Amino acid sequence: MTRFLLPRMLSGGLLVLLTGTSAFAHHYMAEFDVDHLITLTGTVKEWRWSNPHTWLTITVRDDHGKEVVWNLESESPTVLRRFGFNSRMLKAGDKVELVVAPQKDGTSEGGIARISTVNDKPLPGLSDFPLLRSPTAPTKTDGKSVDPT
């Protein structure tokens with residue numbers, strides 16, 4: 001009886017460890033300041049359409065005219081497809097306006113809350129879709145400027 005008990009206990013422990021790690025990895029909003037959304041206007045460098053999350057890299061001019069690269073995380077491709085997004089929607093060189101929850105540590109990273117416009121045109125039916133959900137986040141940006149330096 002004990003020769004079967006040890007392998008079962010080890011298997012169960014490994015399952016709990018792997019499941020807990022996976023669940024923790026997908027709670028990415030904790031690092032973003034979802035209570036102080038900002039608006040960024042910039043140029044797309046790259047749109048990575050990959051699992052578990054998509055990534056958008058844009059260049060933005062800060063208050064001093066310096067070009068700053070922002071790395072922005074969003075939902076998985078599966079979730080974005082359900083709302084009409086696709087991998088060809090954003091291309092290098094496109095001008096975008098986004099609402100973003102900035103990284104709490106002040107670096108030029110964040111989570112995409114909303115894509116407002118692409119090349120000065122609203123995304124039909126998509127610009128008001130909140131990609132980043134927070135029960136306390138305001139529905140409009142607070143106009144706060146984040147200095148990445």
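# Reading one chain, feature by feature

Mentor: Let's start with P52, which sits in the loop between β1 and β2.

Trainee: Which residue is joined to P52 by a cis peptide bond?

Mentor: N51 is, and omega of that bond is about 5 degrees. Some ground rules before we go on. The model is predicted, so local features need pLDDT of at least 70 and side-chain atom pairs count only at pLDDT 80 or more, while totals for chains, interfaces and linings use all residues. Numbering runs from 1 along each chain as its sequence is written, and side-chain values use heavy atoms, with hydrogens and water left out.

Trainee: How many helices and strands does the chain have?

Mentor: Two helices and six strands, in the order α-β-β-β-α-β-β-β along the sequence.

Trainee: What share of the chain is buried?

Mentor: Buried means under 20% relative accessible area, exposed means over 50%, and partly exposed is in between, with a 1.4 Å probe and protein chains only. Buried residues make up 38% of the 149 in the chain. β4 is mostly covered, with six of its eight residues buried.

Trainee: How many residues are in the largest nonpolar core?

Mentor: A nonpolar core is a set of buried Ala, Val, Leu, Ile, Met, Phe, Trp, Tyr and Cys residues linked through side-chain atoms within 4.5 Å. The largest has 22 residues, and L56, I58 and L72 have the most contacts inside it. Elements giving it two or more residues are β1 (38-48), β2 (55-61), β3 (67-73), β4 (95-102) and β5 (109-118). β1 gives the most, with four. Another core, of six residues, lies apart from it and includes V34, L37, V99 and A101.

Trainee: Which residues does L72 touch?

Mentor: A contact means heavy atoms within 4.5 Å. Leaving out residues up to four places away in sequence, L72 touches a set that includes L40, W55, L98, V100 and I112. Across the chain, of the contacts with a separation of 6 or more, 59% are between residues 24 or more positions apart.

Trainee: What about aromatic pairs? How many are there?

Mentor: In general, you describe a ring pair by the distance of the centres and the angle of the planes. Phe, Tyr and Trp rings (the six-membered one for Trp) pair with centres within 6.5 Å; planes under 30 degrees apart are stacked, over 60 edge-to-face, and the rest tilted. The search of the whole structure finds one pair: W47 and W49, with centres 5.6 Å apart and planes at 55 degrees, so it is tilted. W47 is buried, at 12% relative accessibility.

Trainee: And how many salt bridges are there?

Mentor: The rule wants a side-chain nitrogen of Lys or Arg within 4 Å of a carboxyl oxygen of Asp or Glu. The count is four. Among them, R48 and E46 have their closest N and O atoms 3.6 Å apart, and D94 meets K91 at 3.8 Å. D94 is buried at 7% relative accessible area, whereas K91 is partly exposed at 48%.

Trainee: Which residue does D120 meet in a salt bridge?

Mentor: K95, at 3.2 Å from N to O. D120 lies in the loop between β5 and β6 and K95 in strand β4, so the pair ties together parts 25 residues apart in sequence. D120 is exposed at 56%, and K95 is partly exposed at 38%.

Trainee: What is phi of D120 near?

Mentor: Near 65 degrees, a positive value in a residue other than glycine. N119 has a positive phi too, about 50 degrees, and is not a glycine. N119 is in the loop between β5 and β6 (121-122), and is partly exposed at 38% relative accessibility.
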